[in-house]
Amino acid sequence: MSLQPWTTRKPVKSPPPHEEGKPPQGAGYVLVVDDDPAICRMVTSYFGDNNLPARCAGGRQEMMRYLGGPQPGLIILDLRLGSDDGLDILRDLRANSDVPVIIITGHRPDEIDRVVGLELGADDYLTKPFGLRELLARARAVLRRQEIGRATREKHPERGGYRFLGWQLERRARRLTDPNGEVIALTKGEFALLLAFLEAPQRPLSREQLLQATRVHEDIFDRSIDVQVLRLRRKLEVEPTAPRVIRTERGVGYVFAPDVQSF
């Protein structure tokens, strides 16, 4: 990670020796995956000073040790990890866990890392250089959205689902099956986006409405919705380049074209 100059003025406190490399006793902590020990200590110290417990992992192997115990509430993943490929780590995380992830990307002018990271299911991102205050604010925002979603699910259990064109989405199980009965994997963002479409079929939805429905961080550009729609089209459309299910409404956003039945 690369930090803005002002962040380096804060004294760095190392975690107690017995905590290094060991999973914390309770869930809900932030796991910072970065191969720079000084940056790791700085971030975890700053978070700890602001009442948000955090731990460090220097790469994939150490991260897996943490994931074998109490699960973190959030992972902050630097995509530049030396011998480890951060995007590969993110891909593996999304295949096996729904823990939210904030990715840290480089200065790439074409923003490839950011776009690919969002495609793979990252919940938010920061580009280098960044300040500790902003990182903390984004971490709190992601954790707050998780808690709101959890409280809502407990208060209003999801039942039933939707059918369209032979497809079926089960709300409670969060499972999508195609017309042949095959289960199609969805990330949290893809599920939320599809649910937003199915709850308002044949009605144009703006990017702002879809951003709110998927609970993407308000500072993420609207183009992030375009990325999620592209990912969803690849799973639903016969020909994603000529979409007939999720159609683009120029100057507005998108519309889910098929008839939808609830059950």
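Me: How many helices and strands are there in the protein chain?

Reply: The model is predicted: local features need pLDDT of at least 70, side-chain atom pairs count only at pLDDT 80 or more, and totals for chains, interfaces and linings use all residues. Residues are numbered from 1 along each chain as its sequence is written, and side-chain values use heavy atoms, with hydrogens and water left out. Helices (H or I, at least four residues) and strands (E, at least two) are DSSP runs, numbered from the N terminus. In these terms the protein chain holds 8 helices and 15 strands.

Me: What percentage of the residues in the protein chain is buried?

Reply: A residue is buried under 20% relative accessible area, exposed over 50%, and partly exposed in between (1.4 Å probe, protein chains only). The protein chain has 263 residues, and the buried share of them is 47%.

Me: Which are the edge strands of the open sheet with parallel pairing?

Reply: Two strands pair if DSSP finds at least two bridges between them. The parallel sheet is open and has 5 strands in the order β2-β1-β3-β6-β7. Pairing on one side only marks the edge strands, which are β2 (54-57) and β7 (124-127).

Me: Which residue is the bridge partner of I75 in β6?

Reply: Strands β3 (residues 74-78) and β6 (residues 101-105) pair in the parallel sense, over 4 bridges. The partner of I75 in β6 is V101.

Me: At about what angle to β2 does helix α2 run?

Reply: Axes are lines fitted to C-alpha atoms, for helices over the stretch in contact (heavy atoms within 4.5 Å). Angles run from 0 to 180 degrees between N-to-C directions. Helix α1 (residues 37-49) lies across β1, β2 and β3, at about 170° to β2. Helix α2 also lies across β1, β2 and β3, and its angle to β2 is about 140°.

Me: Which strands stand at the edges of the open sheet with antiparallel pairing?

Reply: The antiparallel sheet is open and has 5 strands, in the order β11-β10-β9-β8-β15. A single partner strand is found for each edge strand, so one side is left without a neighbour in the sheet; these strands are β11 (183-184) and β15 (261-262).

Me: Which helix packs on this sheet, touching β8, β9 and β10?

Reply: Within the sheet, β8 and β9 pair in the antiparallel sense over 4 bridges, and G161 stands opposite E170 in β9. The helix that touches β8, β9 and β10 (175-177) has a direction at about 110° to that of β9, and it is α6.

Me: Within what arc do the buried residues of α7 fall?

Reply: Buried in α7 are L210, L211 and T214. The arc is that of the directions from the helix axis to the C-beta atoms. The buried residues line one face of the helix because, seen down the axis of α7, they fall within an arc of 105°.

Me: How many residues apart in sequence are the parts that the pair of F197 and F256 ties together?

Reply: Rings of Phe, Tyr and Trp (its six-membered ring) pair if their centres lie within 6.5 Å; planes under 30 degrees apart count as stacked, over 60 as edge-to-face and the rest as tilted. The rings of Y29 and Y66 have centres 6.2 Å apart and planes at 45°, so this pair is tilted. F197 and F256 form a stacked pair, 6.0 Å centre to centre with 25° between the planes. F197 lies in helix α6 and F256 in strand β14, so the pair ties together parts whose separation in residues is 59.

Me: Which residue takes a positive phi in the hairpin of β13 and β14?

Reply: Strand β13 (residues 246-249) runs antiparallel to β14, joined by 4 bridges, and I246 has F256 as its bridge partner. The hairpin has 3 residues between the strands, and the residue with a positive phi near 80° is G251.
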